[in-house]
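Colleague: Before I use this model, I would like to go through the terms attached to it and hear the grounds for each.

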Amino acid sequence: MGNPYMCNNECDASTPELAHPPELMFDFEGRHPSTFWQSATWKEYPKPLQVNITLSWSKTIELTDNIVITFESGRPDQMILEKSLDYGRTWQPYQYYATDCLHAFHMDPKSVKDLSQHTVLEIICTEEYSTGYSTNSKIIHFEIKDRFAFFAGPRLRNMASLYGQLDTTKKLRDFFTVTDLRIRLLRPAVGEIFVDELHLARYFYAISDIKVRGRCKCNLHATSCLYDNSKLMCECEHNTTGPDCGKCKKNYQGRPWSPGSYLPIPKGTANTCIPSISSIGKCYCNPLGSIHDRCNGSGFCECKTGTTGPKCDECLPGNSWYYGCQLWQELHRANVCDNELLHCQNGGTCQNNVRCACPDAYTGILCEKLRCEEAGSCGSDSGQGAPPRGSPALLFLTALLGTASPLVF
C-alpha cells in the first residue's frame, strides 16, 4: 500500500519511543512526519479485525463543522460512525462507510449530495471515502456543513433560515447533537479482492488525527463553557442552572423554563427565567386562604375556593372573610364573635365563639342595636338613653370591617 509512515516492525507498545497509543490521535499535528495511533495487525485472520474508538465529553455537544478523521493506513473497507445522546448508554448509527455498501450493510450507496431538506436526517452508506491509501486520500468526513447548506445555502449565507429550522424542529437539533461519538472499524483496507495471508502484518488501522468541532449545548443560556474538575460546564446565564442550563434557578420559577431562541436574527431571544413571587423562596401565602403556605412549582400561591389575590388574602364576589373566605349564606351560620376581631359591642360578652350575650337594652348579632329601636319606642320616656348621633352607624361599620377584612400576615 506504500504508506511511508507505517511503523513496520518498529511497533512496541511497551517502549515509549516505539509505541503508538490512542492519545496520538489528538495531539498537535504539524508537518510530516505525523504521529499516529496504530492498532494490532490482522495476524488472527480470518477472525475479524475490529476496533472501537469512543470519544466522550461527559457533556452534550452541538456539532458546528465536519467531523474529520485522518488515516495513516489505508482508509478502512468498512466503518460505522455512531453517536450517543445519553452518555453512551445507547448508540445509533450516524453514517456507514464501505467500499461496497450493498455487500457490507445491505444499503444502496449514497452521498450527502443525494439528500435534500426533507431527507437531511436520513442515515446513509457512502462509498466516497473507502479507497486504498494514497497521499491525497487519507481523510474521511462526516459532512455537517453540507447538511447545513440545505437550509442556509451553498455558502451558508442565509443562516437565519438555518437558525429558524433549528429553533422549530427538535429532530433537526438532535441530529447535530451528541454526548459521545464512536468509530467502529470493522475491516481494514485490503486493496485487493483477496487477503494476502502471507503478509498479514500489512493489514491494520492507523489514525493520526480526529477533529470534532462543536460547542457545549447550553440551550442558548450561556456564552461560554469551561472545564471544571475535568468536566465541561456551561456558565449559565438568564437565571438558569443545570448541566445544559436546562431549568430555572430556585426562586426564579415565575414562568416555565424555555430554551433561548436564535430569532430574531442577529440577537435572538433570551427567554430569561423570572423571579417567583418571593425572591427568597416563600410566597407568604395566607394560611387561611391558601391550600399551602408555600409557592407551587410555578411560584404562585394556590388559593382555596372563594379566595383570590397573590397571597390568597382577598375574597371573590359573594364571599366575605371569616377565617378565610366564605359564602355569605355560610357566614350567617358561622361563629359570630371571637374576642379578637369580632368583638361584642355595648357590654355584650362572647359565649363559646357562637353568639354575643347582649345587655337587656341592646340586641343584634354584635349587640350593636338598641332594643327599643326595633320596637319603635325609643324616646325620653323609654328609660333608655339614645346613643350619641351616628353611634349605630359607627358600630355597624365596625361589624362589617370585622367580617370583611382579611387577616394580614
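This is a predicted model: local features need pLDDT of at least 70, side-chain atom pairs count only at pLDDT 80 or more; totals for chains, interfaces and linings use all residues.

Colleague: What share of the contacts with a separation of 6 or more joins residues 24 or more positions apart?

Modeller: That share is 56% in the protein chain.

Colleague: What makes C218 and C234 a disulfide?

Modeller: The cut-off is 2.5 Å between cysteine sulfur atoms. The sulfur atoms of C218 and C234 are 2.0 Å apart, so the pair meets the definition. The link of C218 and C234 is left-handed, with -90 degrees about the S-S bond.

Colleague: Why are C218 and C234 called buried?

Modeller: Buried means under 20% relative accessible area. C218 has 5% and C234 has 10%, so both values fall under the cut-off.

Colleague: How do you know that C315 and C325 form a disulfide?

Modeller: Their sulfur atoms are 2.1 Å apart, and the limit is 2.5 Å, so the pair counts. With -95 degrees about the S-S bond, the link of C315 and C325 is left-handed. C315 sits in strand β16 (residues 314–315) and C325 in strand β18 (residues 325–327), 10 residues apart.

Colleague: Why is C315 called partly exposed?

Modeller: The relative accessibility of C315 is 25%. C325, at 11%, is buried.

Colleague: What makes the disulfide of C358 and C367 left-handed?

Modeller: The torsion about the S-S bond of C358 and C367 is about -90 degrees, so the disulfide is left-handed. The S to S distance between C358 and C367 is 1.9 Å, which is within the 2.5 Å limit. C358 is partly exposed at 25% relative accessibility, whereas C367 is buried at 0%.

Colleague: How many disulfides does the rule give?

Modeller: The count comes to nine.

Colleague: In what order do the strands of the open sheet stand?

Modeller: Six strands run in the order β6-β5-β4-β8-β2-β10, and the pairing is mixed. β6 (125–126) and β10 (214–216) each have a single partner strand, so one side of each is left without a neighbour in the sheet.

Colleague: How do you know that β11 and β12 pair?

Modeller: Strand β11 (residues 222–228) and strand β12 (residues 231–236) share five antiparallel bridges, and two would be enough, so they pair. C225 stands opposite C234 in β12. The hairpin of β11 and β12 has two residues between the strands, and N229 takes a positive phi near 55 degrees there.

Colleague: Which residues touch the most other members of the largest nonpolar core?

Modeller: They are I53, L185 and I207, in a core of 46 residues. Strand β2 (residues 51–63) supplies the largest share of this core, five residues. A second, separate core has eight residues, among them I80, A98, F105 and C125.

Colleague: What does I207 touch, leaving out residues up to four places away in sequence?

Modeller: I207 touches M25, F36, W37, I53, I69, T70, F71, E72 and L185. Touching here means heavy atoms within 4.5 Å.

Colleague: Which residues of helix α3 are buried?

Modeller: In helix α3 (residues 159–168) they are L162, G164 and L166. Their cover includes α2 (145–152) and α4 (170–175).

Technical notes: Residues are numbered from 1 along each chain as its sequence is written. Side-chain values use heavy atoms; hydrogens and water are left out. A nonpolar core is a set of buried Ala, Val, Leu, Ile, Met, Phe, Trp, Tyr and Cys residues joined through side-chain atoms within 4.5 Å. Buried means under 20% relative accessible area, exposed over 50%, partly exposed in between (1.4 Å probe, protein chains only). Helices (H or I, at least four residues) and strands (E, at least two) are DSSP runs, numbered from the N terminus.
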